[in-house]
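Work through the exercises below with the sequence and coordinates open. Each task is followed by a stepwise solution.

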Amino acid sequence: MDSQSTEIAVVGGGIVGICCALELAETGLKVLLIDRDDPGQGASYGNAGVISPWSSVPQSLPGVWQHIPKWLVKSDGPIAIKPSYLFKLAPWALRFLWQSRLHRTREISTAMKVLNQNNVDLFKALLDGTGHEDLVRDSYYVHAYRNEKQADLNSLEYAIRRDHGAELEKIGRQELRLLEPALSGDFESAILIKGQARSLSPGKLGQVLMDKFINLGGQFVKSEVEHFQRDAKGKWVIKTGQEIIHADRIVLSLGAWSKKLLKPLGIDVPLEAERGYHLEFQNPGIELNHSVMDVDVKIVASSMSGGLRAAGTAEFAGLDAPPNMKRIESLHTSVKRMLPDLNTSGFSHWMGTRPSLPDSLPCIGQVARHPGLYVAFGHSHYGLMMAPKTGEIIKNLVTGNPPNIDLSPYRVERFLN
Ligand SMILES: Cc1cc2nc3c(=O)[nH]c(=O)nc-3n(C[C@H](O)[C@H](O)[C@H](O)COP(=O)(O)OP(=O)(O)OC[C@H]3O[C@@H](n4cnc5c(N)ncnc54)[C@H](O)[C@@H]3O)c2cc1C
């Protein structure tokens, strides 16, 4: 079997792995990125493209348990659980609900803020000089409400954003119509979150940054990683489907697949595949000016370079279950309700897996008991927007310049006994 050596192997080429590899390559280190697919084609391909410095609101908020039953019974509700998966999900779900205490919400949101801060500027800096600077466009996040009373600027999720410096504004039906004429007239109100951006093509964004990595001398191996372990000399030995790769250090960034490869090392993390879907309408006949969320069903729509994309839903069915056509149908119905003039002839559908940990925070950092092993996974709903900062932190750790931030909330050891 062929073999090769590198200083750093980045295992997993989603947007998180790409940003880590690029940051490391920029320091002059010899970096090799491994993915079984073309990079950026996992969850990082099909997301909603929201890049927000203000998305520091965890999924498990106080009172979330009250909403879950009604979300679950609605066929177009934002959450679905495959009945046969319920039992398997239960331990993760309990840990998730345990995080909904107010003091945890505050702690988690502070840690999220650190990863999201300046994300728009960081993306722009990464894209600078690539000729594809237009892939990230400044925009608002429009949270659209059918019931004006629910658009409450004083609710916890907006208070957190405001405390973190976001500029928010509540608008009424008329102003919303002027801002987003394609939205249904059913929406009475919206809350605008300003000072953020959206990607016009998350898949292309990954490709462009990958090209930049290659131009810097980075290497790419397209192969499935089967396992990895340390040899007697302390080097990491990575076995892929076609070769053995020896690396001084490894950055593990396999998104939802990270659990599987960490388990043989005695690192068992409560990582769930939180599946989401998108529909992309190639000839939509309408245009959105911003990222727009229909708050009732938590679907985010955005005009992208490939058409109008509507993305959302959180489905728990395990890592390997096939796409659920019922979710696609209900997503279609919801989008049509949100955007009545949308031309729905000609669309593609996609399913991807968010790598979700119960506390909505990723694992980032060096693994204590395994010298030379760094992790960067578990970014759940926020992986696109948190990727540049994750890459920067990993670069600083690998090069021996620990960043001046508290990394304890992201330690993988928080889940280990
Ligand atoms: C519907 C939806 C909407 C979303 N919207 C947003 C949004 O608007 N903004 C935002 O910030 N985030 C959003 N997210 C979340 C975001 O997409 C993810 O958090 C992010 O893409 C995770 O990136 P990653 O690099 O960790 O994982 P991935 O992109 O999944 O990459 C993991 C990589 O590992 C590779 N791999 C797996 N196993 C192996 C193996 N054994 N050997 C080799 N390679 C392997 C895969 O091929 C893949 O390329 C959304 C997600 C979904 C599903």
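Predicted model: local features only at pLDDT ≥ 70, side-chain atom pairs only at ≥ 80, totals over all residues.

Residues are numbered from 1 along each chain as its sequence is written.

**Exercise 1.** Describe the domains and the contact between them.

Step 1. The domain assignment, automatic or from a database, gives domain 1 (2-44 + 204-268 + 360-415) and domain 2 (56-103 + 136-197 + 271-356).
Step 2. The C-alpha centres of domain 1 and domain 2 are 29 Å apart.
Step 3. Count contacts, where two residues qualify if their C-beta atoms, placed from the backbone, lie within 7 Å. In domain 1, 13 residues touch 13 residues of domain 2.
Step 4. Sort by class: Ala, Val, Leu, Ile, Met, Phe, Trp, Tyr, Cys and Pro count as nonpolar, Asp, Glu, Lys and Arg as charged, and the others, Gly among them, as polar. The domain 1 side that touches domain 2 has three nonpolar, eight polar and two charged residues.

**Exercise 2.** Characterise the shell around the ligand.

Step 1. The ligand is surrounded by 41 residues, and the closest are Gly14, Gly42, Gly255, Gly276 and Gly383.
Step 2. By class, the shell has 17 nonpolar, 19 polar and five charged residues.
Step 3. Domain 1 and domain 2 each supply at least three residues of the shell.
Step 4. Helices (H or I, at least four residues) and strands (E, at least two) are DSSP runs, numbered from the N terminus. Elements that each give the shell at least two residues include α1 (15-26), β12 (272-281) and α12 (383-398).

**Exercise 3.** Is α1 roughly parallel or roughly perpendicular to helix α9?

Step 1. The axes of α1 and α9 (residues 202-215) are 9 Å apart, at an angle of about 25°.
Step 2. Angles under 35 degrees count as roughly parallel, and 65 to 115 as roughly perpendicular. Therefore α1 is roughly parallel to α9.
Step 3. The contact includes Ile15, Ile18 and Leu22 of α1 with Leu209, Met210 and Phe213 of α9.
Step 4. The contact of α1 with α9 has nine nonpolar, one polar and one charged residues.

**Exercise 4.** Which residues join α6 to α12, and at what angle do the axes cross?

Step 1. The axes of α6 (residues 119-127) and α12 come within 9 Å and cross at roughly 70°, so α6 is roughly perpendicular to α12.
Step 2. Asn119, Leu122, Phe123 and Leu126 in α6 meet Met385, Met386, Pro388 and Lys389 in α12.

Key. Near = placed C-beta within 6 Å. Axes fitted to C-alpha atoms, helices over the stretch in contact; angles between N-to-C directions. Parallel < 35°, antiparallel > 145°, perpendicular 65-115°, else oblique.
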